[in-house]
Amino acid sequence: VRKMAVTAVAFLAGLAAAMGLGGGSFLIIYLTVFAGVSQQTAQGINLVFFIPAAACAVGLHTRNRLVDWKSALPAMLAGAVTAIISANIAMKIDGDISRKLFGAFVLIMGMKMLSEKPKNQNI
């Protein structure tokens, strides 16, 4: 039953990730709150989950000409450098503190999203 639940959550997280909505956040929340996985282990699982999900999404978005590679390449470089530094810091932070920081981040982002006025977009 637990494997089926993780698979279902991973499926939903993959859908969100493919749309650029940060599906890993859903996966981390599920793993830590409902599956009882430690914060550091959930972060590791999320990173492994993200590799194939991102590869598929990048391929499809590139095929549909939705990726501006001139903007994406510097962001990728900055993100890779920051990820190396942050991963080393995360290994040294206590799991409870990491979980609280992640919870605060999700709460702040949720409040920001709820307080924003919808943008009028033509799709």
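Is arginine 65 buried or exposed? Arginine 65 is exposed, at a relative accessible area of 77%, where exposed means over 50%, buried under 20% and partly exposed in between (1.4 Å probe, protein chains only). Some notes on the rest follow.

1. Ground rules. This is a predicted model, with local features needing pLDDT of at least 70 and side-chain atom pairs counted only at pLDDT 80 or more, while totals for chains, interfaces and linings use all residues. Residues are numbered from 1 along each chain as its sequence is written, and side-chain values use heavy atoms, with hydrogens and water left out.

2. Overall make-up. The protein chain has five helices and zero strands, and its elements read α-α-α-α-α from the N terminus on. Helices here are DSSP runs of H or I with at least four residues, strands are runs of E with at least two, and the numbering starts at the N terminus. The C-alpha trace spans about 40 × 35 × 30 Å along its principal axes.

3. Surface and contacts. Of the 123 residues in the protein chain, 20% count as buried. The accessible surface comes to about 9,600 Å², and 72% of that belongs to carbon and sulfur atoms; the areas are from the Shrake-Rupley method with a 1.4 Å probe, and for residues only the protein chains shown count as cover. Taking contacts in the protein chain with a separation of 6 or more, 48% are between residues 24 or more positions apart, contact meaning heavy atoms within 4.5 Å.

4. Helix 2 against helix 3. The axes of helix 2 (residues 23–34) and helix 3 (residues 39–63) come within 9 Å and cross at roughly 145°. Axes are lines fitted to C-alpha atoms, for helices over the stretch in contact, and the angles run from 0 to 180 degrees between N-to-C directions. For the classes, Ala, Val, Leu, Ile, Met, Phe, Trp, Tyr, Cys and Pro are nonpolar, Asp, Glu, Lys and Arg are charged, and the others, Gly among them, are polar.

5. Asparagine 46. This residue sits in helix 3 and counts as buried, at 13% relative accessibility. Leaving out residues up to four places away in sequence, asparagine 46 touches Gly24, Leu27 and Ile28.

6. Helix 3 against helix 5. The axes of helix 3 and helix 5 (residues 95–115) come within 8 Å and cross at roughly 60°. Helix 3 and helix 5 are therefore oblique to each other; under 35 degrees would be roughly parallel, over 145 roughly antiparallel, 65 to 115 roughly perpendicular, and the rest is oblique. Gln39, Gln40 and Gln43 in helix 3 meet Gly95, Ser98, Arg99 and Phe102 in helix 5. The class count for helix 3 with helix 5 is one nonpolar, five polar and one charged.

7. Methionine 113 is in helix 5 and is exposed, at 62% relative accessibility.

8. Arginine 65 lies in the loop between helix 3 and helix 4 (69–92). Its phi is near 55°, a positive value in a residue other than glycine. Most residues other than glycine have a negative phi. From C-alpha to C-alpha, arginine 65 is 35 Å from glycine 103 and 38 Å from valine 37.
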